[in-house]
Amino acid sequence: MIEVSGVRHRLGEREVLRGIDLTLAEHRVGVIGANGSGKSTLARTFNGLITPDAGDVRVDGLSVRDDVRSVRRRVGFMFSEASAQILMPTVAEDIALSLRDHGLTADEVSARVEATLSAYGLEGYGDHPAQLLSGGQKQMLAFAAVLVREPQVLVCDEPSTLLDLHNQLRLRRTLAGLDQQVVLLTHHLDLLDDFDRVVVIDDGQVVHDGVPGESVAFYHDLMEARVS
Ligand SMILES: Nc1ncnc2c1ncn2[C@@H]1O[C@H](COP(=O)(O)OP(=O)(O)OP(=O)(O)O)[C@@H](O)[C@H]1O
């Protein structure tokens with residue numbers, strides 16, 4: 001469970017988060033909103049990548065102010081820019097890096113890496129230079145490297161921008177099958193059809209919070225009003 005209370009945060013001249021209170025207890029929660037509305041900034045407070053200027057964020061009761069290391073272990077974070085998340089020269093090494101603190105033998109790590117490669121459409125790419133993967137393959141690698149750690153909560157910031165239809169379907173199916181809580185920030189609104197809850201952020205505040213159909217309709221109306 002993620003509890004956000006009275007969160008405010010300034011970046012440069014601008015107050016990007018302007019008083020956010022949210023308790024996210026549902027299994028799958030979407031966060032939507034216009035470009036620059038503050039979604040990524042909010043999501044980065046969920047694992048202490050950003051410590052808010054005011055207010056607090058707690059994950060399963062642990063505060064990002066006091067227990068940021070424990071929070072980071074619980075919350076897997078997938079960035080929209082997958083390249084930034086790839087740390088090792090080859091695909092297999094990058095996944096193996098995620099398993100380094102798991103007390104596994106070298107053979108067990110190899111077996112987990114192979115299974116992960118095939119689960120995420122990267123079979124046969126183990127020795128491939130990770131930075132030479134296509135953009136969509138990098139996103140799948142970043143996704144695999146986060147999930148192989150089995151975090152209790154998964155926060156994904158626009159994970160599907162570069163994915164082809166096959167990988168979008170794979171992502172949707174994977175998200176649907178995860179036991180852990182998923183918080184998904186996306187402009188691909190159809191990915192949220194079967195989510196439990198969708199929060200709409202605008203100008204650093206929660207402007208709507210409800211079931212996907214309602215929230216997406218609200219967001220459409222908000223954007224329509226802005227265009228006309
Ligand atoms: N390091 C920074 N310094 C100053 N302003 C920043 C910084 N990072 C982000 N911002 C600004 O904060 C605002 C919110 O950005 P944020 O990335 O949270 O929005 P978003 O809702 O995730 O947008 P998008 O849908 O485009 O990804 C934007 O106006 C952005 O320009």
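The largest nonpolar core contains 60 residues, and those with the most contacts inside it are Leu-141, Ala-144, Val-155 and Val-183. Helix 5 (residues 135-147) gives the most to this core, with eight residues. A nonpolar core is a set of buried Ala, Val, Leu, Ile, Met, Phe, Trp, Tyr and Cys residues joined through C-beta atoms within 7 Å. A residue is buried if 20 or more other C-beta atoms lie within 10 Å of its own, exposed if 12 or fewer, and partly exposed in between, with C-beta atoms placed from the backbone. Ala-144 touches Ile-95, Thr-116, Tyr-120 and Leu-122, residues up to four places away in sequence not being counted; contact requires C-beta atoms, placed from the backbone, within 7 Å.

The model is predicted: local features need pLDDT of at least 70, side-chain atom pairs count only at pLDDT 80 or more, and totals for chains, interfaces and linings use all residues. Residues are numbered from 1 along each chain as its sequence is written.

The protein chain has seven helices and 10 strands. Helices (H or I, at least four residues) and strands (E, at least two) are DSSP runs, numbered from the N terminus. Of the 228 residues of the protein chain, 39% count as buried. Residues 24 or more positions apart make up 64% of the contacts with a separation of 6 or more.

Four strands form an open sheet in the order 2-1-4-5, with antiparallel pairing. Its edge strands, strand 2 (14-24) and strand 5 (62-63), each pair on one side only. Two strands pair if DSSP finds at least two bridges between them. Strand 1 (residues 2-11) is joined to strand 2 by eight bridges, and Val-4 has Leu-22 in strand 2 as its bridge partner.

Five of the six residues of strand 9 (residues 197-202) are buried, so this strand is largely enclosed by the rest of the structure. Strand 9 pairs with strand 3 (residues 28-32) in the parallel sense over four bridges, and with strand 10 (residues 205-210) in the antiparallel sense over five bridges. Val-198 of strand 9 is the bridge partner of Gly-30 and also stands opposite Gly-210 in strand 10. Strands 9 and 10 form a hairpin with two residues between them, and Asp-203 in the turn has a positive phi of about 45°.

The residues around the ligand include Leu-11, Val-16, Lys-39 and Thr-41. A residue is near a molecule if its C-beta atom, placed from the backbone, lies within 6 Å of it. Helix 1 (residues 39-45) gives the most to this shell, with three residues.

Terms used
Contact = placed C-beta atoms within 7 Å.
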